[in-house]
Amino acid sequence: MKKVRFWAVLAIGFMSVMSLKAQSQRMSEFQNEFGKYQNQYRDLMHNGKHKDAMAPLTSCIALLDTTTIFKVAPIPEAAIKEQKGLLYYDQACCYALTGQKKQALAALEQSVLLGYKDYNNMVNDNDLISLRKNKKYQALLAQVKDRQPLSVLRKSAPYAKDDAKIDFRYQPKESKNLRMVRDYFKLDSVVGQGDELSKIINLLHFAHDNIRHDGGNQAFAELDAIDLYNYYKTTGKGVNCRQLAISLCEMYLSMGIPARYVTCMPADSLDYECHVINTVWSEQLQKWLYIDPTMDAWVTDENGTMLSIAEVRERLINDQPLVLCETANWNHESQQTKEYYLETYMAKNLYYFVCKKLNRFNPESLYRNNDPADDVRLIPVGFVNNNWKCDTTTDPEVFWAKPKKEQ
């Protein structure tokens, strides 16, 4: 059985914008009703009462199908579909465990139609052991396997040269705000006396260690390193990956190291979950480097040479060696593995990329109009999203252009 993770999903698209009292009350009532049925069926399944669990489980599904809360709450469509898919999966487990194979396969088919994609869970789930020899089950399993992140990434179209002309700019370190960042964090001491690569890594460690990550929280603060750091220190609440990458980007820029924060996006336009990391220019290696402050991570080839985001993507597609640094961790609480972090999580989120043309202090201020036309996207040939309102290129040489020297 796959665990339900609905309310964390709802919080992403809902809680930051639902401020009216009446709407909040409706949401609370909906949560309470859904949670009541959810707790009932989970407890019954846990106690082996799978037949009894069917009624509250069916009520959960019916509630998602019939509620009008979604007409007033901007909840991501993908969150609703994913939740229903998980509920149908649990329903398939209940049917299978009570000997109702036909109903189990029908529920499992509905789950797959709604986008269920946890292949490892499905193939190893003993709740479904009675279905494994069934041809329909095997066909559904094949569909789920085909949705694995690496499979999707490896089927992406190639890049191609185009006529795009993008002028990426990097705020000079002498600017007042970046000098303030450098002085506030005493970054001249943080970077140390080593070579350029050691300085890049030392800044990565510093950001990771001093600003906690919380993917479900959007800090109510100005989007600059100082404000975000003080938000965390004052409230104890972490910041999301975008805010953390913005903070580290400013630290690099303040030391005269060209950097961008890059939104790494999945192929599925309904997938609400992406990841934001940094790309940092190394004069020493004459290339951009893959730097992830959320996970304190960088990636190398088999010879220990640090890789760029583009190189990590290509090596995943071509099944070439990748080595995740030993420090890779989340908030010093869970170690990251190459198999999950690179081959699953990042493989999903390396389908296309978005970044800013101007890389600067406080790039997305709450008090400034943040024009989406300031963004640039790098996409595979033929990949389309009608919601885009910014420059787009299929040419990686344009998107990953070497930073121009300051005049």
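Helix α7 has Y137, L140, L141 and V144 as its buried residues, where buried means under 20% relative accessible area with a 1.4 Å probe, protein chains only. The model is predicted, with local features needing pLDDT of at least 70 and side-chain atom pairs pLDDT 80 or more, while totals for chains, interfaces and linings use all residues. Residues are numbered from 1 along each chain as its sequence is written, and side-chain values use heavy atoms, without hydrogens or water.

**Exercise 1.** Determine how the buried residues of α7 are arranged and what they pack against.

*Solution.* Step 1: seen down the axis of α7, the buried residues fall within an arc of 105 degrees (taken from the directions from the helix axis to the C-beta atoms), so they line one face of the helix. Step 2: these residues pack against α5 (101-113) and α6 (119-124), contact being heavy atoms within 4.5 Å.

**Exercise 2.** Identify the residues with the most contacts inside the largest nonpolar core.

*Solution.* Step 1: a nonpolar core joins buried Ala, Val, Leu, Ile, Met, Phe, Trp, Tyr and Cys residues through side-chain atoms within 4.5 Å. Step 2: the largest has 83 residues, and M251, Y252 and I291 have the most contacts inside it. Step 3: helix α13 (residues 241-254) supplies its largest share, nine residues.

Notes: Buried < 20%, exposed > 50% of the residue type's maximum accessible area, 1.4 Å probe, protein only. Helix = DSSP H or I, 4+ residues; strand = E, 2+ residues; numbered from the N terminus.
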